[in-house]
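The structure comes first, and the description follows.

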Amino acid sequence: MTMSANFVSTPSLAMSLVAPVQQAQASLATATTEESTGQYADLGLQLGDQAGYELSLKEQVGLLQTLTSANGLVATNMATADAALTAIGSSADTTMQNLAAWTPIGDPGVSLQTMGENALQSLIASSNATSGGGYVFGGINSSLAPLADYFSTPPSAAKTAVDQAFQTAFGVLPSDPAAASISASAIQSFLSGPFAALFSGASWTSDWSSASSTNVSAEIAPGRTAVVSTNVNQPAFQGLAQAYTMLAEFGGSQLGPAAQQTIASQAGSLIATAHASLTNTQAALGATQSAVTDANSAMSSQLTILQKQVDALDSVDQNATAARINSLTTEIQMAYELTARLQQLNLAQYLPVP
Amino acid sequence: MSLSAAFSIISSSFAANAAQTAVVSKNIANVNTSGYSREVANVVTNSYGGADVASVTRIANAALAEQAAASAAQAAAQQAISDGLSTLAETVSDSSSASSTSGANQNGASPSAMLANLQNALATYEASPTSASAADAAVAAASNLASSLNAGSAAVEQVREKADADMTASVKTINSLLSQFKSANDAVVSGLATGANVTSAEDTRDSIVAQLSQQTGVSTVVAANGSMSIYADNGVTLFQDAPRTVGFTPTATFTAGTNGAAVTVDGVPITGASSPNPIQSGALAGYAALRDNLAPQYQAQLDQIAAGLINEFAETDQSPSPTLPSLPGLFTAPGLTSLPSLSAATGLAATIEVNPSVDPSRGGDATLLRDGGVSSPNPAYVYNSTGAASFTGRIQQLVDQLSATQSFDPSAGLATSASLGGFANASVSWLQDANQKASDAASYENAVATQAQSALSNATGVNLDAEMTNMLALENAYASSAKLLTTVNAMFSALLNAA
């Protein structure tokens, strides 16, 4: 018998459908997974040397998401700071109006004292505003209250320093009746000299402030760092503290009407200067706030683009997959049918039993 | 011509018929025996006009057999590589589940993904430096990254150990097949010399060659006396009249930098760098490529990532005039007292860990990550000298450093200048690319091998219908011979009765 191209061995014929069926079944399993997840069943195998690129896209997505949610914290801190600055500003406005209405004729100074005490307490409270467990005006020293309580018992360092300065200048305390003889010009030079010195430089940082002059900076977008806080070691806070302390300490004292008038006008001009500086601080903070908002919206549109790129690499066309599942199912069914038919295709079936 | 001559012819017809039936039976019996070559009885007319089965021909096809063996060897090599690489790829595989869309952990457990998680944790910590939980989360992310590198390195070791064990088994199989081959070959040679039927021995020989080709690519040459010689695909003699000794010394444990032994034939290496001409196909070649090239290269990449991490998180002397050396900070390795050089990073991926001084789970203080002083209690290494709670300078420095370009050792086979994240991504790409190529090659070579096997089976295998047809023809011939015999017998009777 000659061998020809159309000679097929029986095992080869019997096994001819095994490999295609196995392949179709494996493809069906993959396609089913891909249909349900919408992504390639084995991304690494599918992407090959694109796998690292795909990972880097996903990592960028992760970083942008992290920065966006971190910006949420930053924005909350800044909003708290902004609200506190607004409160400090309106307290300064109120004090200014009250000072304008005040005359030494009708009042011996007690209302100046009340005015000062209220405003100072409100300044300290607003300056010690917290957000997320940290003090917003502390600079990087956010774990300590930025302004010490002036009215504490035992007397605060700031209070002691004020008393001492007065004592040094005039030999008496403001509550001493002898203080009545202090002239307006003497009080003026005291206020702009030794008293003012208590609210700047080393005296300020030792007696009043625990804040750091270094502000907190944060990464608000990839590679973009911004200063996202402010602190109480600024002329606005120092000026207001100086004006309010002046009123609280010397308003209700034994000083004469002329001296009281000097105090009132000195406090008024300090508050006006400080208020202007406060507005600048608030404006700078507002600029950072809008920078954060801008960064967020930029990152959000970037996220959309990145997500599209990731999808382009990862996603399968679910319609095409569904069609593939159908054709694979048909293929397997036909292979089963054929296998059964081939079993019958055997000469032995047709030979008569002798 | 006499009636008695007719008797002789009929008798030879019965004998020839029986011999042919025996061949058909043998063919049918072996229809599903793999490697069986069908046989054909050659019938000739003898001197007095009868029929004789002069010989039995084995329908072999050496060319197709060689082709099938070669493609089986290629398929086995690619399959071995693909299996090993997919084990490694497991460690970097993306969790492709679409449901996990939250930023963290969606990218699997690869060093690259863990590095990105650390970067995110640092960014979060930078935004809330007072938060103890953010500090803990950053240290936990660092710890996961170290574990991921440890796990990757362990997977490399495991793959190399398995490849070495597979090589041991493969060499054992080769030696055992070669000694079986000797007895089959001897039977063929002596059978041919004495004129005996050697088809069964030849089948055995072919089947052993087919099995050998799973382990290493082989080629065969048959000498004039029928003796078959086997050569490996690099030309080294494996069998010539007698089996050659294939030697291999297993290596029990693999760590980074361990070099496994080479497979030798008569003392000459046929795998690895020491071989002048290594074998190219068969499972043995696949195991050797995996153990000696692919896995060690991935190990080198992991080691570079580990060394890069230790260097990037190193702490420098913060004194106004620095005199002290930089020390390993957040990332270190047991016994590491100075910064590792990138060209001597071998094995770092296996041992890298988060410095115990900053790891809360080992009694450390996570806020050292913000303040510095991880590396040493010496205050010179403290960055946050005032102890401010919202100090972010150091964290910012770390975040910047992670995205800065640094250099890597060329031995890793990747770009020598990249950011750490970029390098880690390139490593994932390298691995997945190799995995994809090996997987594609394995399925391609397997398809080719199946085709070749089927071609060989069609050329030399048994078709039941053909044998049944033969059998019917033999049955008819038998019936005719029997009829002839009774007719001649009747003629004899008539002749004798007439007398």
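In the residue classes used here, Ala, Val, Leu, Ile, Met, Phe, Trp, Tyr, Cys and Pro count as nonpolar, Asp, Glu, Lys and Arg as charged, and the others, Gly among them, as polar. This is a predicted model, in which local features need pLDDT of at least 70 and side-chain atom pairs count only at pLDDT 80 or more, while totals for chains, interfaces and linings use all residues. Residues are numbered from 1 along each chain as its sequence is written, chains are lettered from A and ligands numbered from 1 in the order in which they are written, and side-chain values use heavy atoms, with hydrogens and water left out.

**The interface**

Between the chains, 52 residues of chain A are in contact with 52 residues of chain B (contact means heavy atoms within 4.5 Å). The buried area is about 4200 Å², and carbon and sulfur atoms give 55% of this; buried area is the accessible area (1.4 Å probe) that two parts lose on being put together, summed over both. Helices (H or I, at least four residues) and strands (E, at least two) are DSSP runs, numbered from the N terminus. With 16 residues, α4(A) gives the most to that side of chain A. By class, the side of chain A that touches chain B has 25 nonpolar, 22 polar and five charged residues.

**Empty spaces**

Rolling a probe the size of a water molecule over the atoms shows where empty space is left. On a 1 Å grid over the protein atoms alone, a cavity is a set of points where a 1.4 Å probe fits but cannot get out, and a pocket is an open set with protein on both sides within 12 Å along at least five of seven lines; lining residues have an atom within 4 Å of a point. Grid points are joined across faces, edges and corners, and a volume is the space filled by probe spheres set on the points. The count is two cavities of 30 Å³ or more.

| Space | Volume | Classes in the lining |
|---|---|---|
| Second largest pocket | about 620 Å³ | 16 nonpolar, 18 polar, five charged residues |
| Second largest cavity | about 30 Å³ | six nonpolar, two polar, two charged residues |

Of the 39 residues that line the second largest pocket, the closest to its centre include Ala289(B), Arg291(B) and Asp292(B). The largest share of this lining, 13 residues, comes from α6(B). The lining of the second largest cavity includes Phe313(B), Glu315(B) and Arg394(B), and α8 (368–371) and α9 (393–403) of chain B each supply at least two of its residues.

**Backbone details**

The peptide bond from Thr153(A) to Pro154(A) is cis, with omega near -10 degrees. Pro154(A) lies in the loop between β2 (134–135) and α6 of chain A. In chain B, Asp241(B) is a residue other than glycine with a positive phi, near 65 degrees; Asp241(B) is in the loop between β5 (237–240) and β6 (242–243).
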